[in-house]
Amino acid sequence: MNIIRTFIFGLSVLANTVVCQGQPLASYNVSWTSQSKNVSESMPVGGGDIGCNVWVENGELLFYISRSGTFDENNMFPKLGRIRIKLLPNPFDAGSSFKQELKLKEGYIEISGVKSKHKVIINVWVDVFRPVVNVNIDSNEPVSVKAAYESWRVADREVTNKVETHAFRAYSGAPVNAIVHKDEISFNNNNVLFFHRNQNETVFDLTVKQQGLDSIKAQLWNPLAGMIFGGMMFGQNMVPEGTVTGKYLDTDYTAWQLKSATPVRKQSLQIVVHQAQPTTYENWLTGLNKLISDSRLSQKTAWIKTKEWWQAFWDRSYIFINPDKAEPKSPEWQVGRNYQLFRYQLGCNAFGNFPTKFNGGLFTFDPSLTRANYPFSPDFRCWGGGSATAQNQRLVYWPMLKSGDFEMMPSQFNFYLRALKNVELRTKAYWGHKGASFCEQIESFGLPVAFEYGWKRPATFDKGEQYNAWIDYYYDTVLEFCLMILDLQQFTGEDISKYMPLIESSVVFFDEHYQYLAKMRDPKALDENGHLVLYPGTACETYKMATNAVPTISGLKTVLIRMLELPDTYASAEKREQWKALLQRIPPLSFREIDGHKMIAPAKTWERINNDEKPQLYPVFPYGIYGIGKPDLDVAINTWKYDPQIIKSRDYVSWNQDGIFCARLGLTDEAADIAIKKLQDSPRRFPTFWGPGRDWVPDHNWGGSGMIGLQEMLMQTDGRKIFLFPAWPKKWDVTFKLHAPYNTTVEGSLINGKITNLKVTPESRRTDIVEMQ
């Protein structure tokens, strides 16, 4: 175990304080000198809330467009389309030299081709501040440019393949089939106009009816009905050239083509997208035209401001491992590079109306390239589009605190805040009490996904519960998002008043609901010690029909304590007394002893083991009850080392959190080994397109959990204390900048096991540093 020694650093700071200069980051650029075989070898680019998969195949530039929150009536997350660009004469034909590079510092892709004396450079970038995808073509010889907008949603289609319903899970096992409705696409003067208009009846209506909530339907928020999303593709001096049909991989498509009126040396193409709900077509089109006008007015400054945003993004936080030894085949170097690459993917949805999806984010592609027996359209992804799996989503957002990406977090918080009223209404309708019953698998409107709720349910089963062996009685993950919000306040001092109803309602639910259930069994609402009896419950998806599950207890205690620590302006004295009383009703954690080793138990009791998660260690992460510098750390370490179920289920794939647990426990060798397995290059061409693992490609909770683990190896915090290098291998040189609570940043280097260039901002926080070596 590491020896902790407090190290008060001198007041002087070396002149060459670490900054995220271009050279270390430039070494992480992904560069290819051959074209791609298909979309699975695509490269991500994005900004604001738009992501594109970009690749060059058979001499043609192609890219998919995705935008956060564009959900159809089935709550599927469809692509906005595919763009195909071809030049004549073609510098990307066979026999040419080729290069495609993701330039991280500026946030764009540059593609160059040279054939004989003909040279072309194409830049693909997304405006961070406007929903505009830009393609800039620069040729030293005149070329004819052909750009096609391709769509596969050109006719209504009934979905009869049950596997395909994984893309809109409400219909899995449903008595009716989903209809994927067509888009509307046409030439509009010299432009291509495309849009999808959601039907008035959507999966919202199906879900409300299934779950017996028709009596309160008029009060429920419906984010799907009447939504319109789509856009316009256009380019200066480009004119229509008709439509053609084709097939890419498994999917037929129709293409609406534009071509340059005359050969040109420079050509720009824009795709401006817009979504609104509820709206009419006329209002939506007016909004789109305003965006187009704005994009034209800002043409000279948009790219400059976008590159400035990405520069600030990289200056804000970084982790460079062995920065002076750029060895792409080195596992340690890959860990540092892929940390940065995955953070770039997260940055592409910095301002999304909807959170970054754990199951592919904005960068999914044709599913047969992930699973050969899934011959579906590019819109497909496992685990749904507008629905959310809370345990997976949280791992995408936890790393944003230490990376200082605070502006990217509200999209996840607002997902819960928008659904709060619906969730409180369902609680009241089913059980007659207060509180927000956020289930584990929910639709964008807050109700349980119909598949998990259960299409075949016993008539006598509790109508408010999900009839599902994996996620029944699973309500506590929302407490992690409550803690995230409280952490955001602690890190930044930001006013979180608007989220307090969400936090309080999420906590109150457990108090109200478990007293309600207890009174259904017995006249007494509490146990003999005045504690809630949290039964039936579940410790993650693993320990089922549990009493006093450890994640639930840890979450309630931690969130309530942090609520009580908020400044006085957040609650009255009377409200604080209510919180204190509730905190006293939370039962204690449970422990057990195996082979003489005391360890944390997953619950007081349980009836079966259903999965292979490690809820015993949730008091370590995310709730921080045990950790470096805290009492009884040995009990938590024993839990990792000797719990037979934990030993059996150790893994790094997808959402597994073993690296985070080991880092928080100070187990350096184990944490480093898992970090390498977790963050090494994926088997796909782009290094951070991991998966499918347990989810989909690119697996974003794979990358998120890897980021968290690496951050925790470098720096952990407890109150005002900042522990540096609590689980960092001495052989790994590192240059870093991370964020800590109380508006603090810590940056510096560890070279040959010695710290240099340490800078703590504000300087007053330097005395809170605890170095661990």
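Lys575 pairs up with Glu504 in a salt bridge, with 2.9 Å between the closest N and O atoms; the term covers a side-chain nitrogen of Lys or Arg within 4 Å of a carboxyl oxygen of Asp or Glu. Helices (H or I, at least four residues) and strands (E, at least two) are DSSP runs, numbered from the N terminus. The model is a predicted one, where local features need pLDDT of at least 70, side-chain atom pairs count only at pLDDT 80 or more, and totals for chains, interfaces and linings use all residues. Residues are numbered from 1 along each chain as its sequence is written, and side-chain values use heavy atoms, leaving out hydrogens and water.

Across the whole structure, 38 salt bridges turn up. Another one joins Asp49 and Arg67 at 3.0 Å, N to O. Asp49 lies in the loop between strand E3 (43–47) and strand E4 (50–57), while Arg67 belongs to strand E5 (residues 60–67), 18 residues apart. Asp49 is buried at 10% relative accessible area (buried is under 20%, exposed over 50%, partly exposed in between, with a 1.4 Å probe and protein chains only). Arg67 is buried too, at 12%. Glu60, Arg82, Arg84 and Glu150 form a network of salt bridges.

As for disulfides (cysteine sulfur pairs within 2.5 Å), the structure has zero. For Cys482, the nearest cysteine sulfur, in Cys439, is 15 Å away. The sulfur of Cys540 is 16 Å from its closest counterpart, in Cys439, so a bond is out of reach.
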